[in-house]
Amino acid sequence: MENEVQTPEYMYWDPVEEACYAAFQLELHKDDIFTSEVRSRLKPILKDDWLALIELNATQGKIIKNNPTTDLPMTTDPEPLSEKEELEMEKQQIQSELEATNTETILYLQQLMTPAMIPGDETSEPIMTPEEYAVLNASRLQKANRLKEIETELAALA
C-alpha cells in the first residue's frame, strides 16, 4: 500500500461559460446539459489547481476568468466599478441600514407614548434610553441626507 500511486483528479473547464465541472457532473448530465458540442470544448484542469484558483478568488478578491491564450481558467482583478455602480451600492447599503433600525425607532416611540410600566411588571425593559435614541436618530438622519445626495447624483448621471 505504501507504493500506491494516486491518480490525479481532474475538473473540466468550459471556456465559453467560464465554469468548471467535476467528472460526476459530466456523467450525471451527459444526455441533457453536456451535449457533444459542450463536451468538445471542455479542458481538463487538475482539481488541486482549480482549488488554488478558488482560494485566490476568496482570499484576494480576484475573479476567475478564461485565459483566451490557453482556454484555461485564470484569476484576475475585477473590473473597477463605474461611478453609477458605486453610488447604487452605497444607496443599497444605506437603505439596508435604515431598514435595520426601523423597528428600534418605532418601538422607542411606542415606549414614549405608553404610560408608565404596569405595577408588578418588572420584566418590561426600556427599548433604549433617550440618549441612545438621540445617537440612533442622528445616525439615521445623516444616512437619510446621504441617500438624498446619492439620488441627486444618480439623477445627474442618467
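Me: What is the relative accessible area of Asp-71?

Reply: This is a predicted model, in which local features need pLDDT of at least 70, side-chain atom pairs count only at pLDDT 80 or more, and totals for chains, interfaces and linings use all residues. Residues are numbered from 1 along each chain as its sequence is written, and side-chain values use heavy atoms, leaving out hydrogens and water. Asp-71 sits in the loop between strand S4 (63–67) and strand S5 (72–76), where strands are DSSP runs of E with at least two residues and helices are runs of H or I with at least four, numbered from the N terminus. Buried means under 20% relative accessible area, exposed over 50% and partly exposed in between, with a 1.4 Å probe and protein chains only, so Asp-71 is partly exposed at 29%.

Me: What is the phi of Asp-71?

Reply: Most residues other than glycine have a negative phi. Asp-71 is not a glycine, yet its phi is positive, at about 60°.

Me: Where is Glu-18 found?

Reply: Glu-18 is also a residue other than glycine with a positive phi, near 50°. With a relative accessible area of 31%, Glu-18 is partly exposed. Its place is the loop between S1 and S2.

Me: What is the radius of gyration of the protein?

Reply: The protein has 5 helices and 5 strands. The radius of gyration is taken over C-alpha atoms, and the globule rule is 2.2 Å times the number of residues to the power 0.38. For 158 residues this rule gives 15 Å, and the protein is more spread out than a compact globule because its radius of gyration is well over that, at 28 Å.

Me: Leaving aside neighbours within four places in sequence, which residues are in contact with Lys-84?

Reply: Lys-84 belongs to helix H4 (residues 83–113), and its 44% relative accessibility makes it partly exposed. Contact means heavy atoms within 4.5 Å. Once neighbours within four places in sequence are left aside, the residues in contact with Lys-84 are Leu-154 and Leu-157.
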